[in-house]
Amino acid sequence: AVVQTHEYGSSPKMPTAHQLFYEPISGHAFNADLSQIVVSNSSPLTHVMKKGADGKYTEGHVLDQHLERVTSVDWAPTSNRIVTCAGDRNAYVWNFQEETGTWIPCLVLLRINRAATQCAGP
């Protein structure tokens with residue numbers, strides 16, 4: 001799966017392609033300054049990746065509370081929260097704890113009888 005980023009400064013740049021996984025991704029979202037990306041690669045795991053000095057993204061954290069394939073992710077730019085939803089009919093809001101350097105999940109109770117396929121942050 002290849003993700004293209006468009007980074008604009010004083011002059012527009014060409015899109016940059018990043019090879020993150022060899023399997024398809026079901027969702028991705030960037031943080032506010034594009035220094036991190038959260039990616040779901042069609043599995044129950046969600047990967048938070050950091051952009052290195054060389055411009056390549058490397059894995060920083062794995063969010064692993066879902067039991068089935070994560071179908072959608074979003075990253076709220078102002079609160080720095082991540083939301084994930086999956087085929088297990090659950091959604092999680094993830095809060096980053098600066099003190100411990102970890103993402104803490106908060107289960108969102110969805111009253112649905114089908115898989116949660118799309119989610120969006122504020």
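1. Ser42 is placed in the loop between strand 4 and strand 5 (46-51). Although Ser42 is not a glycine, its phi is positive, at about 60°. The model is a predicted one, and in it Ser42 has a relative accessible area of 31% and is therefore partly exposed.

2. Phi of Leu34 is positive, near 65°, in a residue other than glycine. With a relative accessible area of 29%, Leu34 is partly exposed.

3. The overall make-up of the chain may be stated next. Its secondary structure amounts to zero helices and ten strands, and from the N terminus on the elements run β-β-β-β-β-β-β-β-β-β. Of the 122 residues in the chain, 34% are buried.

4. Leu63 belongs to strand 6 (residues 57-63). Its relative accessible area is 3%, and because buried means under 20%, Leu63 is counted as buried. Leu63 and Leu45 are 18 residues apart along the chain, and their C-alpha atoms are separated by 5.9 Å.

5. In what order do the four strands of the open sheet stand? The order is 7-8-9-10, with antiparallel pairing. Strand 7 (70-75) and strand 10 are at the edges and have a single partner strand each, so one side of each is left without a neighbour in the sheet. On average, neighbouring strands of this sheet are turned by 25° against each other, direction ignored.

6. The pairing of strand 7 with strand 8 (residues 82-86) is antiparallel and extends over five bridges. Within this part of the sheet, Trp75 stands opposite Ile82 in strand 8. The hairpin of strand 7 and strand 8 has six residues between the strands, and in this hairpin Asn80 takes a positive phi near 60°.

7. Strand 8 is also joined to strand 9 (residues 91-97), by four bridges, and these two strands run antiparallel. Here Thr84 stands opposite Tyr92 in strand 9. The hairpin of strand 8 and strand 9 has four residues between the strands, with Arg89 taking a positive phi near 70°.

8. Is strand 8 mostly covered or mostly uncovered? Strand 8 is mostly covered, as five of its five residues are buried. Both of its faces are covered: on one side Ile82, Thr84 and Ala86 are buried, and on the other Val83 and Cys85 are buried.

9. Four aromatic pairs are found in a search of the whole structure. One of them joins Trp75 and Trp103, whose ring centres are 5.7 Å apart and whose planes stand at 85°; planes over 60 degrees apart count as edge-to-face, so this pair is edge-to-face. Trp75 lies in strand 7 and Trp103 in strand 10, so the pair ties together parts that are 28 residues apart in sequence. Trp75 counts as buried because its relative accessibility is 4%, and Trp103 counts as buried at 9%.

10. Another aromatic pair is formed by Tyr92 and Trp94, and it is tilted, with 5.8 Å centre to centre and 45° between the planes. Tyr92 and Trp94 are both buried.

11. Which residues make the nonpolar surface patch of about 200 Å²? The patch is made by Val108, Leu110 and Ile112. Leu110 is placed in the segment after strand 10 (102-108). Its relative accessibility is 33%, so Leu110 counts as partly exposed.

Methods. Residues numbered from 1 in each chain as written. Predicted model: local features only at pLDDT ≥ 70, side-chain atom pairs only at ≥ 80, totals over all residues. Heavy atoms only, no water. Patch = residues over 30% accessible without salt bridge, like charges linked within 9 Å, V, L, I, M, F, W, Y side chains within 5 Å. Areas by Shrake-Rupley, 256 points an atom, 1.4 Å probe, with all protein chains shown as cover. Salt bridge = Lys/Arg side-chain N within 4 Å of Asp/Glu carboxyl O. Buried < 20%, exposed > 50% of the residue type's maximum accessible area, 1.4 Å probe, protein only. Pairing = 2+ DSSP bridges. Axes fitted to C-alpha atoms, helices over the stretch in contact; angles between N-to-C directions. Phe/Tyr/Trp six-rings, centres within 6.5 Å; stacked < 30°, edge-to-face > 60°.
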